[in-house]
Amino acid sequence: MAAATTTERRRAVAEALPLRPRDFFVLLVLAGGELHGYGIMKGVERESRGSVRLEVGSLYRTLDRLLAAGLIEEAGADSAATAATAADSERRRNYRLASFGREVMRAEAARLQEVVRMVQAKGLLRGAGEP
């Protein structure tokens with residue numbers, strides 16, 4: 001994506017939308033900083049208030065897909081979050097939000113904000129405690 005024109009970049013962002021709920025929450029969690037798989041799994045569960053739960057297999061399939069799409073990247077071995085021993089760091093891979101992933105998250109947030117605005121305009125979103 002580095003050499004893409006502005007128009008190509010916008011098109012790529014638009015084509016990445018809408019995000020699947022699990023992808024959205026993985027990217028949201030990684031927007032807070034790099035994490036390893038287990039940290040991502042727990043962060044997704046926490047941020048989604050339990051509505052999205054990732055098992056190990058689905059987590060790594062999701063991460064592989066997000067890596068291939070350029071939305072996330074593996075954090076380098078020089079990362080402060082990398083485990084101390086070489087054997088441990090080989091097992092534990094850390095991931096971070098890529099710049100393209102950050103652009104996609106901004107666009108998705110804007111899209112969702114517009115959805116909420118439309119729902120509010122139709123009177124479908126009630127305040128706390130209303131039926």
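These questions and answers go through a predicted model of a protein chain.

Colleague: What is the mean pLDDT of the protein chain?
Modeller: This is a predicted model, so pLDDT, the predictor's confidence in each residue, comes up first. Of the residues in the protein chain, 82% reach 70 or more. The mean pLDDT is 87.

Colleague: Which pattern does the protein chain follow along the sequence?
Modeller: The protein chain has six helices and three strands. Read along the sequence, they give the pattern α-α-β-α-α-β-α-β-α.

Colleague: How many nonpolar, polar and charged residues are in the contact of α2 with α6?
Modeller: α2 passes α6 in a left-handed crossing. From α2 the contact takes Phe 24, Leu 27 and Leu 28, and from α6 it takes Met 105, Glu 108 and Leu 112. By class these are five nonpolar, no polar and one charged.

Colleague: What classes of residue make up the contact of α1 with α6?
Modeller: The axes of helix α1, residues 6-15, and α6 come within 9 Å and cross at roughly 65 degrees, and the crossing is right-handed. Arg 9, Ala 12 and Val 13 of α1 meet Ser 99, Phe 100, Glu 103, Val 104 and Ala 107 of α6. The contact has five nonpolar, one polar and two charged residues.

Colleague: Which residues does Glu 103 touch, not counting those up to four places away in sequence?
Modeller: Glu 103 lies in helix α6. In sequence Glu 103 and Arg 9 are 94 residues apart, but C-alpha to C-alpha they are 9.3 Å apart in space. With neighbours up to four places away left out, Glu 103 touches Arg 9 and Val 13.

Colleague: Why is Glu 103 counted as partly exposed?
Modeller: Buried means under 20% relative accessible area and exposed means over 50%. Glu 103 falls in between, and is partly exposed because its relative accessible area is 27%.

Technical notes: Residues numbered from 1 in each chain as written. Predicted model: local features only at pLDDT ≥ 70, side-chain atom pairs only at ≥ 80, totals over all residues. Heavy atoms only, no water. pLDDT = per-residue confidence, 0-100. Left-handed = near helix turned anticlockwise from the far one by under 90°. Helix = DSSP H or I, 4+ residues; strand = E, 2+ residues; numbered from the N terminus. Contact = heavy atoms within 4.5 Å. Nonpolar A, V, L, I, M, F, W, Y, C, P; charged D, E, K, R; others polar. Buried < 20%, exposed > 50% of the residue type's maximum accessible area, 1.4 Å probe, protein only. Axes fitted to C-alpha atoms, helices over the stretch in contact; angles between N-to-C directions.
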